[in-house]
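Open the model in your viewer and get ready to select residues. The tour starts inside the protein.

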Amino acid sequence: MKFKVFKDAWLPMGAGLTLYPFVFIDSKNPVKTFKHECCHCYQIKSMGVISFYLTWFWQFLQTRSITKGELEQEAYAYDDHPLTDEEWEWYQNGYIILE
């Protein structure tokens, strides 16, 4: 599973967006945002693409908030940790590669 990362993307609704197979990162706090979006990539790999987006949307409908669903809360907790060596490589190369 491979994601193309676009840094310095203009996003009207937030700092980052994972829309398989793309990850968009704005320039305000790119490393922290990248870490958050990496978590979503891990979630997509674990759950499957369709299941992830259906679950995310269902949680959005239940909470009426983009940030309060379980998937988002997990990603917010994850973005407080430093990037791993592998994630740094992905950040520098512009691709997230999950096998």
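**A cavity and one of its lining residues**

The residues lining the largest cavity split into three nonpolar, three polar and one charged. Here Ala, Val, Leu, Ile, Met, Phe, Trp, Tyr, Cys and Pro count as nonpolar, Asp, Glu, Lys and Arg as charged, and the others, Gly among them, as polar.

This is a predicted model: local features need pLDDT of at least 70, side-chain atom pairs count only at pLDDT 80 or more, and totals for chains, interfaces and linings use all residues. Residues are numbered from 1 along each chain as its sequence is written, and side-chain values use heavy atoms, leaving out hydrogens and water.

Select Trp56, Gln59, Phe60, Ser65, Ile66, Gly69 and Glu72. They line the largest cavity. On a 1 Å grid over the protein atoms alone, a cavity is a set of points where a 1.4 Å probe fits but cannot get out; lining residues have an atom within 4 Å of a point.

Now show helix H2, residues 49-63. This helix gives the largest share of that lining, three residues. Helices are DSSP runs (H or I, at least four residues), numbered from the N terminus.

Next, pick Glu72, in helix H3 (residues 70-78). Is Glu72 buried or exposed? Glu72 is buried, with a relative accessible area of 8%. Buried means under 20% and exposed over 50%, with a 1.4 Å probe and protein chains only.

Show what Glu72 touches: His36, His40, Trp56, Ile66 and Thr67, leaving out residues up to four places away in sequence. Contact means heavy atoms within 4.5 Å.

Finish on the side chains of Glu72 and Trp56. A polar contact of 2.9 Å joins them. Such a contact is a pair of N or O atoms within 3.5 Å; within protein, one must be able to donate a hydrogen and the other to accept it, and residues adjacent in sequence count only if both atoms are side-chain atoms.

Definitions and conventions: On a 1 Å grid over the protein atoms alone, a cavity is a set of points where a 1.4 Å probe fits but cannot get out, and a pocket is an open set with protein on both sides within 12 Å along at least five of seven lines; lining residues have an atom within 4 Å of a point. Helices (H or I, at least four residues) and strands (E, at least two) are DSSP runs, numbered from the N terminus.
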